Amino acid sequence: MNQPHNKITPNFCWSAIDTVLLDMDGTLLDKYFDDYFWEEFVPQMYGAKHGLSIEQATAELLDGYRRVADTLSWTDLDFWSDRLGLDIPVLKQQVSHLIQIHPFVIEFLNYIAAQAKKLCLVTAAHNKTLAIKMKQADLTPYFDTIICAEELGIPKESPEFWRKLEEMLGFDKSRTLLADDTSKVLHAARQHGISHVIHVARPSSRSPIRYSGEFPSIVSFDELMF
Ligand SMILES: [Mg+2]
């Protein structure tokens, strides 16, 4: 999984697409915020509260994160506030200046809007995270619909999520494009039958580019303006 792959260049016609589904964290917004928050800031605060060293706090937390990976608990701020004894929304607000929109995202959203396609934000983020992020980097005016996975009660990593979403939004999956930075999510969407899936190969501005070996990849959205 960690070995480098060659880039698969996206190859489709926009005229064949009516609906564009976009992930938020790592896709439109810089995942550096999330990485910093969970891997550095929360361990500092948790360690301070419980009298643990940074190393102890980090090890304990990373183990806790792994246990709920790919479930709705991972993104549930109330779950973490209870579990850790910290006010997670307040902590997110404290470092919200790190929430940044990736380069070319606004240009791309305008490009799609000009073609009168349906634009839908499909995020695993909890509604409290969404509110904090949109306060700092408001993308909501661009979208026809905003869906948080918790509304459907199923994680995006499950094909069932995409079946339910199709039922809810009424899109034609053969004329729909999804961009996301998580391979498991792209797998699930493709398994359900969404025709065009695009992998975002640099979710965090501080991480190296990692192309997918299976999905067409982009580093930034200027690559989809053709
Ligand atoms: Mg993401």
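Reader: How close do the axes of helix H8 and helix H9 come, and at what angle do they cross?

Author: Two packed helices are described by the angle between their axes and the distance between the axes. In this predicted model, the axes of H8 (residues 159-169) and H9 (residues 183-192) come within 7 Å, crossing at roughly 55°. H8 is therefore oblique to H9. The crossing in which H8 passes H9 is right-handed.

Reader: Which residues of H8 and H9 make the contact?

Author: From H8 come Pro159, Phe161, Trp162 and Arg163, and they meet Ala188, Ala189, Gln191 and His192 of H9.

Reader: Thanks! Now the domains: which stretches of the chain belong to domain 1 and domain 2?

Author: The domain assignment gives 14-31 + 100-224 as domain 1 and 33-97 as domain 2. Taken over C-alpha atoms, their centres are separated by 25 Å.

Reader: And how many residues of each domain are in contact?

Author: The size of an interface is often given as the accessible area lost when the parts come together. Here we can count residues instead: 17 of domain 1 are in contact with 13 of domain 2. On the domain 1 side, the elements giving two or more residues are helix H6 (127-136) and helix H7 (149-152). H6 provides the largest share of that side, with 4 residues.

Reader: How do the residues on that side of domain 1 divide into nonpolar, polar and charged?

Author: The side of domain 1 that touches domain 2 has 6 nonpolar, 4 polar and 7 charged residues.

Definitions and conventions. Residues are numbered from 1 along each chain as its sequence is written. This is a predicted model: local features need pLDDT of at least 70, side-chain atom pairs count only at pLDDT 80 or more; totals for chains, interfaces and linings use all residues. Domain bounds come from an automatic or database domain assignment. Two residues are in contact if their C-beta atoms, placed from the backbone, lie within 7 Å. Ala, Val, Leu, Ile, Met, Phe, Trp, Tyr, Cys and Pro count as nonpolar, Asp, Glu, Lys and Arg as charged, and the others, Gly among them, as polar. Axes are lines fitted to C-alpha atoms, for helices over the stretch in contact, and angles run from 0 to 180 degrees between N-to-C directions. Angles under 35 degrees count as roughly parallel, over 145 as roughly antiparallel, 65 to 115 as roughly perpendicular and the rest as oblique. A crossing is left-handed if the near helix is turned anticlockwise from the far one by less than a right angle, and right-handed if clockwise.
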